[in-house]
Amino acid sequence: MQALTRRSMVAGAAMLAMAFAADPAWSQEAPAKPVTIEFFGLASHNWPLVIERFQADYPTITVHFTKFGTDELKQALRVGASSGKLPDAWWNWGGSLASPYNRAGHALKLTPELLAALGVEANVTPAALDITRDGADLYGIPNKIGPFGFVYKKALFDKYGLQPPQSFADLEKVAETLKANGVTPFSIGGKFSWMTMRFFDFFLEHYAGPEGHDALLDMAESWESEPVTQSFAKLKDWADKGYFPDGFLTVDPATNMPLLYNDQAAMVFDTPSLETARILREGKSPADYGTFPLPTDRTPKRVPGSPSQIQVNAKASDDVRKAALLFASYAVRPEIAPVTAQAVGFPSATKGILPAEDLPIQRQWSQWTQSEIGFYRLTDQGLPQDVVAAYFEAQDSVLLDLMSPEEAAAQVQEAIERSKSRASN
């Protein structure tokens, strides 16, 4: 493939947008000649449900889907970007997990004209578009916003007379009661660090508050601060009290649910798509589980929010790029969004889409996130990835007694200063 300059990529995107704007009806039409697009996504999202419907409606387009696990997809995208062999479209997270592809010119920048021509602005909620933006710009079409909360085993809460906690202190009392009765409060797989990180982020929202938390992720405030050291200390405190399973730092995140199934643990900290991706697929009933938002003791009430988006290769040929954009925008159409959500989980980024009542966890979260609950960024999406690596090392070192909370905070701040220095040079 002939290499494209940044100027030619920008010009190509502009011409494509003009073509859409000149003929909006094109977005509903299949290409005249056969086109194949390569698409990377998560295996747990069951993309074939969407692809089957898309190929039936657009028979001249073939979607070749390659599925990955979470960390394998991250690696595949990094390798594809460095080797010049990214697929034509790919599913991605947001924040700093997506920004390298955006800022290096790999992901197509979506102009307002292009979004309007594709029907995206009419179909997708403003909140979903906002949380997916990289700065002021959009480089992907969001199909889902993944909030994170606690999912719990109802039978265990009932057995010990527990209610969903309304405050941070209430949550600790629940954990103490469970542990005293031989039940691990939280099932967690810490092998890749990001599942453990969710608890640190929760503590940081609690101790720093929304403004302070955002300032830390924006690197506008020093991490050598009391809220950060309190959060590292609380993470170590919960681990020492046995709130997490023994040896959890070596446990694969994909294996955390059996402890709930077997009544050995009571809660997981995850997205509501767990309901379809794990509970239903593994032959369990969603009716056996409840959910509650994070009791941060803060206003506004916020939970971690991870945007889910489809990005298109800016360097693909025109016909492939058009077909990839059609696929990405197809997934968020109101008549298709229920199929997309069935595949990747709720809450949907498409306006007015709620799951059926037989998906109580996802339905509850869809209602919450369309009303009173807002979002904060996860650390591994809010900080540059070189800083995230230093954070993960610091986090796990605290848990292994290799660092104090103060030393961990200092290590993250040092990584931030190095990152800022590289960016300014």
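View 1. Nine residues of domain 1 touch twelve residues of domain 2, where contact means heavy atoms within 4.5 Å. Domain 1 covers 35-147 + 307-376, and domain 2 covers 149-270 + 383-424. These bounds come from an automatic or database domain assignment. The C-alpha centres of the two domains lie 28 Å apart.

Residues are numbered from 1 along each chain as its sequence is written. In this predicted model, local features need pLDDT of at least 70, side-chain atom pairs count only at pLDDT 80 or more, totals for chains, interfaces and linings use all residues, and side-chain values use heavy atoms, with hydrogens and water left out.

**View 2. Strand β4 pairs with strand β9.** Strand β4 spans residues 141-147. Helices (H or I, at least four residues) and strands (E, at least two) are DSSP runs, numbered from the N terminus. Seven of the seven residues of β4 are buried, so this strand is largely enclosed by the rest of the structure. Buried means under 20% relative accessible area, exposed over 50%, and partly exposed in between, for a 1.4 Å probe and protein chains only. Six bridges link β4 to β9 (residues 302-312), and the two strands run antiparallel. Strands pair if DSSP finds at least two bridges between them.

**View 3. Strand β7 pairs with β5 and with β6.** Strand β7 spans residues 265-270. Six of its six residues are buried, so β7 is largely enclosed by the rest of the structure. Strand β5 (residues 149-153) pairs with β7 in the antiparallel sense, over four bridges. Here Val151 stands opposite Val268 of β7. Strand β6 (residues 184-186) runs parallel to β7, joined by two bridges. Phe186 has Met267 of β7 as its bridge partner.

**View 4. Helices α18 and α19 pack together.** Helix α18 holds residues 385-399, and helix α19 holds residues 405-424. Their axes are 9 Å apart, at an angle of about 170°. Axes are lines fitted to C-alpha atoms, for helices over the stretch in contact, and angles run from 0 to 180 degrees between N-to-C directions. The two helices are therefore roughly antiparallel. Angles under 35 degrees count as roughly parallel, over 145 as roughly antiparallel, 65 to 115 as roughly perpendicular and the rest as oblique. From α18, the contact residues include Asp386, Tyr391 and Val398. From α19, they include Pro405, Gln411 and Arg422. By class, this contact has ten nonpolar, two polar and three charged residues. Ala, Val, Leu, Ile, Met, Phe, Trp, Tyr, Cys and Pro count as nonpolar, Asp, Glu, Lys and Arg as charged, and the others, Gly among them, as polar.

View 5. Pro300 sits in the loop between β8 (289-292) and β9. Pro347 lies in the loop between α15 (337-344) and α16 (360-369).

**View 6. Met219 and Asp263 have positive phi.** Met219 is not a glycine, yet its phi is near 60°. Its loop runs between α10 (194-217) and α11 (226-240). Met219 counts as buried, at 17% relative accessibility. Asp263 has a phi of about 60° and is not a glycine either. Its loop connects α12 (258-261) and β7. Asp263 is partly exposed, with a relative accessible area of 36%.
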